[in-house]
Amino acid sequence: MAEKQVKIKVDHLSKIFGPHVNKAQELLSAGKSKADILAQTNSTVGVDNADFTINDNEIFVIMGLSGSGKSTMLRMFNRLIEPTSGTIYVDDENIMQLSGKGLLDLRRKKMSMVFQNFALLPNRTILDNAAFGLEVQGVAKETRNQKAHESLELVGLKGYDDSYPDELSGGMQQRVGLARAITNDPDILLMDEAFSALDPLNRREMQNELLDLQHQLHKTIIFISHDLNEALRIGDRILMMHDGDVVQVDTPEDLLTHPKNDYVKAFIENVDRSKILTAGNVMIKPNTVNIEKDGPKMALRRMNDDQISSIFVVDNDRHFLGLIDADDVDQMLKNNQRDLHDVLNTNIPRTTAEKPLSDLMAEISKSPVPFAVLDDEKHLEGIILRSRVLEALSGERVEGGSDHE
Amino acid sequence: MNNALVILSGIPAIPLAKWINSFVNWLTGFAGFFNALTAGIGAILDSIQWILDLFPAWLFIIIILALTWYILRNSKHWGFMIFELLGLALIWNQGFWHDMTQTLTLVLATSLIIIVIGVPLGIWMAKSNTVNMIVKPILSFMQTMPAFVYLIPAVALFGIGMVPGVVASVIFSLPPIVSTTCLGIQQVPADLQEAAVAFGCNNWQKLYKVELPIARTTIISGINQGMMLALSMVVIASMIGTMGLGSLVYFAVGRNDAGAGFAAGIAIVILAIILDRLSEGLGSSKRHQNK
């Protein structure tokens, strides 16, 4: 994997809301609890001493329940909310020092925001909404309309230029919100619960759309969500917030497999694992026979060794060919046949390692034989056994093994 | 308890009226300022009157009908246009035409001035808590004080005629436009304001690209209210020499002539209905007008 470049660095960032910020900060550094601080100073700690980095071109999900401080965190990146203390560096530039024009330029050119309830201007057409960012920058009408038109097309809203926001469905309105954000061509997209107001079907579709879009655009996307399934689906890395604290920053898989504390553990308990786990996560390395080298006797012995009733067959290059059954091989030996091709069952379900388990569940539960997991060149990477799938879904540790049914 | 009452009854009457009189007297010391103001308002009145008098009555009626058709072109308005035609024709027929244009001049000049003062003041109030706290009680005072009272200092400072009538009308009809503008700006949804800032609007851009367009309908309803209040002042203003339909009513009162009074009163009603509908029509969504 290519070397990750740091896009944003957050350094000891804190935000305290309330009338006695200084006092609250003293108490906080003295190690008082947030409840104590609220009681003593009537001030709320929004974000407490956050320290993390966000890489270039990644989808970084900030995850937490309402009141965890995630929206506050997001709004400090473009300084809609001024941090109480700490520093944010964007491309190594300290954005806390920006003021006036520098700050406007940061918002106009570096970052765009997508809002939970779309925040489209109801009195403007879709095209004018999408062109808003460029209009604010003073870009000529023709140029900005051209750009806005292109980004609307990119989000799949061709032909709606002259409509008004209230004529569009929620999903379509949020596409406009997305188009408005990318028309400026910023490096960074700030997405505040961008899909939370959509129904589940639309939400799923927009998540896919965002992933597709990210494939083309390569932005750094900071995505706020309270929905762990969403976070796990779209996030390259996830930051877990709880009560103003950064609890854990990790990849979705590491978050699931190595939750840092009980809070995260409790959080991931309810996750639909079939959507996160892929075929690759649950497959095991099988024992195989090479059809060009091994005969029936060899095959039978391997099956006996592992106490299995069937075995996967590959060629010299480990290309997957099929499965043979112990009973068939027995029969062969009795008939004095030598060529394993005669009993080869090629009708084996196949999949790739990236496929999410949710897409395979139905077939796995019906199939009498294990699934073969192949790479792009049809090499056998592993096999999927029903028992392993059930273990993985029930939250047991998933690790490679070589046992066979 | 009793002692307190004794003490209270022992206090001599506070010379409130005297104080206010000396304040007004003090104000008359700035004659130069008030003369300039009088001349300014007079110029506005004269130019509006001049424009209105430019057209003969029949052409004026056609222009009003065309304007109505343009402003209300997205709603059913044929009935209203027939009403306009008949109503204006009646005013003409009764020989009230010139009085009507004078009254219209008063209302339009007042509306112009309250928009120019009221909208920025309302915006300022919405943006600043301090301004809000200072202006709000003053507005309540202005609106609840009986309108007659304004006539007295208005005469002292601006003399007799149209100008003090306009000044009294402005004071009386300014409050709604200020408070609706303030309300309209404050009601702009938080996420739209946030979006404006997030996309790099400076304060002016935020105001005229986002807040004013969103608050537009509310602000125009304030202008509509202000206009109606100005119209309600025409009879009162006629007591200090403001000419027009109001003075016809006022004179009819003096002569105890119910017929003449009602005839002029009906003309005011017709004018009020037309102004109300047209200014309301301006407030309907711009978007439908653009289509």
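Predicted model: local features only at pLDDT ≥ 70, side-chain atom pairs only at ≥ 80, totals over all residues.
## A helical domain in chain B

Over residues 100–279 of chain B, the chain is 88% helix and 0% strand. An unreviewed UniProt entry places the feature "domain: ABC transmembrane type-1" at residues 100–279 of chain B.

## Helix 3 of chain B

Helix 3 of chain B covers residues 31–54, 24 residues in total. From first C-alpha to last, helix 3 reaches 34 Å. That is close to the 34 Å expected at 1.5 Å a residue.

Which residues of helix 3 of chain B are buried? They are T38(B), I41(B) and L45(B). Their cover includes three helices of chain B: helix 6 (97–127), helix 8 (147–158) and helix 9 (162–186).

## Where the chains meet

Chain B puts 16 residues in contact with 17 residues of chain A. On the chain B side, helix 10 (190–198), helix 11 (203–232) and helix 15 (286–290) each give two or more residues. Helix 10 of chain B gives the most, with six. By type, the chain B side divides into nine nonpolar, four charged and three polar residues.

## The build of chain A

Chain A has 18 helices and 16 strands. Its radius of gyration is 27 Å, well over the 22 Å that the globule rule gives for 405 residues, so chain A is more spread out than a compact globule. Along the principal axes, its C-alpha atoms fill a box of roughly 90 × 55 × 35 Å.

Of the 405 residues of chain A, 41% count as buried. Among contacts in chain A with a separation of 6 or more, 67% join residues 24 or more positions apart.

Methods
Residues numbered from 1 in each chain as written. Chains lettered and ligands numbered in written order. Contact = placed C-beta atoms within 7 Å. Helix = DSSP H or I, 4+ residues; strand = E, 2+ residues; numbered from the N terminus. Nonpolar A, V, L, I, M, F, W, Y, C, P; charged D, E, K, R; others polar. UniProt positions renumbered as here; feature names shortened; annotations may be inferred. Expected span 1.5 Å × (residues − 1). Buried ≥ 20, exposed ≤ 12 C-beta atoms within 10 Å, placed from the backbone. Rg over C-alpha atoms; globule rule 2.2 N^0.38 Å.
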